[in-house]
Amino acid sequence: VPFVQLAVDALKKSNSDRTYIKYKFYNPATKKYEFKVSLVRVFKPFNWIIGTGSYISDVTPLMKKDALMAIKQTRFGKSGYFWVNDMNYKMIMHPIKSNLDGKIFTNTPKVPFVELGVNALKKTDKDHAFITYKFYNPKTEQYEKKLSIVKYFKPWGLVIGTGTYLQDVEDTIANIHENAKSESISALIILGVICTIVAIF
């Protein structure tokens, strides 16, 4: 029974009356020894250690469900979002086009980013990759170039991706240049006024 000694040792090292421990224990449901995580705490009146735990295989599906819901609801910028697929080219969750969920995407020119992302990750020793492709832009109602980054989350075998239309990037850069020009012109005018005032005095 590994958790008894683990609980005692962990609580002695902890500065708190509660802590977590991780260990392998027999799971009667799967008939295998699996990792289990337990919360243990000291009940000071009786000097007892009370604990409860769950097999990681039992809580992982719930964690996945909560994580996918959080990713689905996450937005950034004007139209930024994240999608999730697996390494078998299957779309797990697309927050804008739920009709894509559960489908396999290989040799699909209209939805190329799943296959491109998986293939790019298979070719690199990194956990992320950049891809470019054409995708429908609802703002312009046209297929436009898009740049995406995909990241592999190995513990769950999931690929999380997000992207931006290159035209949006160019527009943003143009706005930055325009603002910089305006600020430079304003600075020159102010500087000129200051120099004139100094010259008069």
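Where does Ile104 lie? Ile104 sits in the loop between β5 (91-93) and α3 (113-123). Helices (H or I, at least four residues) and strands (E, at least two) are DSSP runs, numbered from the N terminus. The model is predicted: local features need pLDDT of at least 70, side-chain atom pairs count only at pLDDT 80 or more, and totals for chains, interfaces and linings use all residues. Residues are numbered from 1 along each chain as its sequence is written, and side-chain values use heavy atoms, without hydrogens and water.

Ile104 touches Asn88, Tyr89 and Lys90, leaving aside residues up to four places away in sequence. Contact means heavy atoms within 4.5 Å. Ile104 and Val114 are ten residues apart in sequence, and their C-alpha atoms are 8.7 Å apart.

Three strands form an open antiparallel sheet, in the order β1-β2-β3. Strands β1 (18-27) and β3 (48-55) are at the edges with a single partner strand each, so one side of each has no neighbour in the sheet. Pairing requires at least two DSSP bridges between two strands. Ten bridges join β1 to β2 (residues 32-43). Lys24 stands opposite Phe35 in β2. Helix α1 (residues 2-13) packs on the sheet and touches β1, β2 and β3; its direction makes about 165° with that of β1. Helix α2 (residues 56-73) also touches β1, β2 and β3, at about 65° to the direction of β3. Axes are lines fitted to C-alpha atoms, for helices over the stretch in contact, and angles run from 0 to 180 degrees between N-to-C directions.

The charged end of Lys24 sits over the ring of Phe35, 5.2 Å from its centre. Lys36 lies over the face of Tyr55, at 4.6 Å from the ring centre. The criterion is NZ of Lys or CZ of Arg within 6 Å of the ring centre and within 35 degrees of the ring normal.

The largest nonpolar core has 20 residues; Met91, Phe113 and Val150 touch the most other members. Such a core joins buried Ala, Val, Leu, Ile, Met, Phe, Trp, Tyr and Cys residues through side-chain atoms within 4.5 Å. Buried means under 20% relative accessible area, exposed over 50%, partly exposed in between (1.4 Å probe, protein chains only). Helix α3 gives the most to this core, with five residues. Phe113 touches Trp83, Met91, His94, Ile131, Tyr133 and Phe135, not counting residues up to four places away in sequence.
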